[in-house]
2 protein chains.
Amino acid sequence: MPVFTEESSPEMLQRAAGLREPPLPRVSAPAPVNEDRTTEGSKHEVVIIGTGPAGIMLSLMLTRYGVSNLPVEKVTSMIIPGQADGLQPRTLEVLRQLGLSEEIFSQGFPNHRIAFWNPGKPGEPRLVRTAVADDVTVPSRYPHKILLAAGRVVNILERQMNKYGNEVERGTEFVSFEFVGGEFPVKVTLKDVVTGRVYSVFAKHLVGADGAHSKVREQIGAKLQGESTDYIWGVVDAVLKTDFPDIRKRCAIHSDAASIMAIPREKIENQQYMTRLYTQLEENVDATSTVSGSAVGEEEAKKRARERRARVTLPRILDQVKRTMEPFNVEVVKVDWWAAYQIGQRVATKFALKDAQGTDRVFIMGDACHTHSPKAGQGMNVSMMDGYNLGWKLAYELLGLAPAGSLLPTYEFERKDIAQQLIDFDNAFASKFSQKMAGPEEGGLTHEEFFKVFHTGGGFTSGCGIEYQQSNLVTKNRVKGLNEALNPDLGLLRAGRRLINVPVRRFSDDAPCDLHDVLPLNGNYVVLVVLPQNFKEEKLQQKLAYLTSSLPRKFVRGVVQPYVVHPLKSNDDVEWSDFPKALKEDFEWNFLGDVTGQAYKTWGVSKEHGVCGVLRPDGVFGGVWDLEELVPKGAVESYLTANLTQPSTKSFL
Amino acid sequence: MPVFTEESSPEMLQRAAGLREPPLPRVSAPAPVNEDRTTEGSKHEVVIIGTGPAGIMLSLMLTRYGVSNLPVEKVTSMIIPGQADGLQPRTLEVLRQLGLSEEIFSQGFPNHRIAFWNPGKPGEPRLVRTAVADDVTVPSRYPHKILLAAGRVVNILERQMNKYGNEVERGTEFVSFEFVGGEFPVKVTLKDVVTGRVYSVFAKHLVGADGAHSKVREQIGAKLQGESTDYIWGVVDAVLKTDFPDIRKRCAIHSDAASIMAIPREKIENQQYMTRLYTQLEENVDATSTVSGSAVGEEEAKKRARERRARVTLPRILDQVKRTMEPFNVEVVKVDWWAAYQIGQRVATKFALKDAQGTDRVFIMGDACHTHSPKAGQGMNVSMMDGYNLGWKLAYELLGLAPAGSLLPTYEFERKDIAQQLIDFDNAFASKFSQKMAGPEEGGLTHEEFFKVFHTGGGFTSGCGIEYQQSNLVTKNRVKGLNEALNPDLGLLRAGRRLINVPVRRFSDDAPCDLHDVLPLNGNYVVLVVLPQNFKEEKLQQKLAYLTSSLPRKFVRGVVQPYVVHPLKSNDDVEWSDFPKALKEDFEWNFLGDVTGQAYKTWGVSKEHGVCGVLRPDGVFGGVWDLEELVPKGAVESYLTANLTQPSTKSFL
Ligand SMILES: Cc1cc2nc3c(=O)[nH]c(=O)nc-3n(C[C@H](O)[C@H](O)[C@H](O)COP(=O)(O)OP(=O)(O)OC[C@H]3O[C@@H](n4cnc5c(N)ncnc54)[C@H](O)[C@@H]3O)c2cc1C
Ligand SMILES: Cc1cc2nc3c(=O)[nH]c(=O)nc-3n(C[C@H](O)[C@H](O)[C@H](O)COP(=O)(O)OP(=O)(O)OC[C@H]3O[C@@H](n4cnc5c(N)ncnc54)[C@H](O)[C@@H]3O)c2cc1C
């Protein structure tokens, strides 16, 4: 098109190269700048050991938020052959809010349904389908899992991190750390695994995301506690040719030969889909064979376990699979990966170590603090969510946005509780899974018993039912405006739980959208005002002006963002002029209509009272309060003031 | 998790680094390999001039399909400050099927609604809202536009192309071409704009996607034909502060001062959203001032046009905007880009040039073959879709998948018709837009007239109502199994139109999904079998066996993929054993249930008869036939045989 005059701003060109979400504001001293990140004496706000799911998620969050961090990984190749393969609904919600879902959704396999196969009664075929059920039993934006090799998932996160300007230092092994005081008090000794060069860097915080054999865990003096027996399992990823009808559903198959968990996986080639098969191979072994610190019989236990492990081979796993699935025919077209592993349920005694001044300086995350069986598909998820929980807390601490030291202790407080729940669930589920199925008269496990364990764990395993306990970050109290009789797993607004997604219609452009898409995870707190029906009344308008104008201005610019939801059936029933000016002027984008009525209903909010909640940067409610308590200087302001710094010079908008 | 034995296939590691869709199979000679792509004499299957929306789309498609191509761009910087900003629903469907929607959706602005503002009647305010309507008036997977700077869109496509292993040669200008015969008969002379070096490369085909001033167009001897007047317009991208309530909707504002088209745009910073404003500034100018080839008065016309253009400045545009939007207050916070341009409606006389042997060797696409006003938001879309249409045809020709020369003539045949429709629509719309609004008594344009033009163009402007005419690639015929009385814009299956998306439930895993997601754009043809209710009958089962087993095997492996839809209310009402074995064995993934009933209804398919359609690689129906016509060797096979090569050695599966 013939343009004869044209002028553009310099930023326009930059933006075209790739819009990135802005970092959080920094109130603290600038991040250290190193010519070379791995020379002796270089300084980093955070050093992260290991870039499995936990480490890469933490590094991505810190990088997006603008915190200098050095992720190191001892493996030299780009890719770690991933073992995990299941992304749970809550993890998917987070990945979506980070703008990572498309690659994951289109390359992974969405698993919606689970089928249960059990031995037929006399006269029936050897294997019969007892039930088919939804795999995810609680409401969620994505009511399914996505199955995709962990290596691929980690790679997708790493490439977003690269886009934000950070890189993994590969071939770099953690050796040891010590506290040395000063501004960067953690001296971390690293080793270049290719050249053998050993050197030290200095950090404000060190995080061990170094997996089940974590050296960082060892050095902070944490022990693994829990069950004393381990299970020996085999797992195969293969392309199958089979007449088993449910091979594209998740299947719990109990035959009289053995038990299999079959998991449908992503396409690896045109028309070739993978299946993952788990099967238990040996009786349980004494955990002393892998856990250090036990005394008597350790040698003998180790020897016996070694013998058992040596018996595990690919042909034996495949043979057991075939026998279990008879009378169906299972041909293996191609084996992509197989492994044998030995696992128990254990949690680390501590997740963090303080320095002499009482500041949490070293943390462990992921498999470094909890080990458990893979059958409930939790490891990658809980590990990533550990990193997700720690990420914003470290960022607020280091950027000077939170009172010094106030947030860090909540990491262990919140995540250890989750780890313990995980281990308890896994214990119940894995042991049930290993049991032989039988009719009740025979005294074995019934399908009903198994199904019950599966079903009641749904809130927890999906990640959607996770609830953090009371702390400075989570204020639990009674709320008149909420129907607290509702089952919170179904979406009730509740302190310590994530905000569930609902469809809304934005006011400014009258566009239908998902609430979660309106709330990208950019690290800010959200004040969510759910208006009562009588919002036009003067009293309410005053509250709204306070919440959308004077309150956010008390904190560092951009850190507190108000969002307002109205309960009317149509956006046409209301005008900008019905509201305080600040709403249009500063937060035009954040005003939403619950035109379908789903939000108030799902959230349990009464239209008579309305409520006001505060979402932490991880999308979890710090608290939910009645609107009446909010003027002047009510609960919301107390909560925010306790957890955020207030700048002396106001720099808002 | 303690793994004690582990083995993985080498491909597993590669996949983790980034799953890419496989290329199309190649039956022809291998692509030429060049040490350096830009040395004198290097060979390429396709050379593409210009990497705006049209060129980058073509290059991406060819690269994905496995065709060697050299895209060159005279601009040296990575980014072209994009002018277009609107992606239409059909373009969005295609971008989604290419796996590119998430970046575009999360960074762009989804525009759902359009508001019409007109002069108030006596006693009313100066400007009143006459109507608010849905911006997209036909059903589509995405019932809205996405607004995002073209530079950003092009960059997103380019980065996917990079992932598939191709790169744009920047700072490279097209000079000329000539036919020289031989295997690579097009000699293309290029110039390095930095060093001044001039050199020639050889291609099987040359494509000019070099914009409105196309040199390739000039050299194939095509002329632009159409209107003889040009409009002079100003356009500004700015962040505004305004009390105009509808600034986040698309607005057609006619005041007594002037007319404005206001378009809401993406966020460029925290809480800063852009708005694009178009306004006409001068009376129309004689097109001879820009179009060559006119005779009398050319000098004088040019002089006058030059004077008019010189009067267009940013302050004048902004002044006109402010006057038009009174009594609302409009403050400009920041101007991101502004331009003034002069435009008429013209189409090139030809889109392709044949060599002496009658083979189409040179093509032009995008603005090189059609120019028109930007107000209907078409340029970027029609240009990208030109590339999308040509891409698979060139690929089939060059990979040896189609009978030589059979597909290429359909490019001009199909796209010239679209270009003409575009120009006709734009002519009607732009001239209406420029007219002053008035009550009917005053003889001016009424809101109703304007709205009518807007509304009736909806099928075309959304891209969803595009219909290609009868050719070897599009067979139109009467179909008993279709309710052809339905408005085809609403989704009726129809030769020459795209397949509309519907929700389905896949059989193998009982997962709800979108049909478009089940059909990624990997370049294959699809045989879509929509079963009648009585599909279990022997006669139907025979047809199904033929369509899903013997028919696909007649062509190069993977090029014809059957998909089957059943009309039952639940997937539980049918078992694999009800169907031919080949369906589960070879196409397990492609069997879908219309459990909501929406597919048959939207498509107009009668459950009594069913139908069978063939989708070309661009998702457009080549034909739709009654199932009865299909055995033996019926219409579907004739269609495929005419358009596809049949390998002598069968290499299927
Ligand atoms: C067979 C199998 C199946 C599984 N299936 C599932 C599943 O379906 N779903 C699920 O959610 N989970 C599953 N898991 C568990 C899952 O793989 C783990 O829970 C998850 O990988 C833990 O993530 P992480 O980041 O904590 O640790 P890891 O993934 O173990 O990553 C630790 C990283 O640290 C590096 N490292 C270790 N020591 C050092 C050092 N000294 N210096 C530098 N780098 C170091 C390692 O090289 C490694 O890259 C499965 C595990 C196995 C073995
Ligand atoms: C102000 C304005 C607003 C617009 N708004 C919209 C809108 O909202 N929606 C919409 O869909 N469209 C809009 N358009 C139109 C849209 O920008 C064009 O239709 C679209 O860019 C055409 O794409 P293209 O690839 O055909 O050509 P172009 O985008 O013009 O790209 C041509 C490329 O070829 C290169 N080139 C030219 N000559 C040579 C040579 N000799 N050698 C090498 N390279 C060469 C150029 O550098 C350029 O990069 C607008 C246009 C303008 C001016």
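A backbone N or O atom of M380(A) sits 2.5 Å from an oxygen atom of ligand 1, a polar contact (a pair of N or O atoms within 3.5 Å). This is a predicted model, in which local features need pLDDT of at least 70, side-chain atom pairs count only at pLDDT 80 or more, and totals for chains, interfaces and linings use all residues. Residues are numbered from 1 along each chain as its sequence is written, chains are lettered from A and ligands numbered from 1 in the order written, and side-chain values use heavy atoms, with hydrogens and water left out.

A polar side-chain atom of D85(A) lies 2.7 Å from an oxygen atom of ligand 1, while a backbone N or O atom of F174(A) is 2.9 Å from a nitrogen atom of ligand 1. The protein covers 92% of the 990 Å² of accessible area that ligand 1 has on its own (Shrake-Rupley method, 1.4 Å probe).

## The surrounding shell

Ligand 1 is surrounded by 35 residues, and the closest include A54(A), E73(A) and D367(A); a residue counts if one of its heavy atoms lies within 4 Å. By class, the shell has 16 nonpolar, 12 polar and 7 charged residues, with Gly among the polar ones by convention.

Helix 9 of chain A gives the most to this shell, with 4 residues; helices are DSSP runs (H or I) of at least four residues.

## Where the site sits

Because residues from chains A and B surround ligand 1, the site is shared between chains. Within chain A, domain 1 and domain 2 both give residues to the shell, so ligand 1 lies between them; the domain bounds come from an automatic or database assignment.

Key. A polar contact is a pair of N or O atoms within 3.5 Å; within protein, one must be able to donate a hydrogen and the other to accept it, and residues adjacent in sequence count only if both atoms are side-chain atoms. Helices (H or I, at least four residues) and strands (E, at least two) are DSSP runs, numbered from the N terminus.
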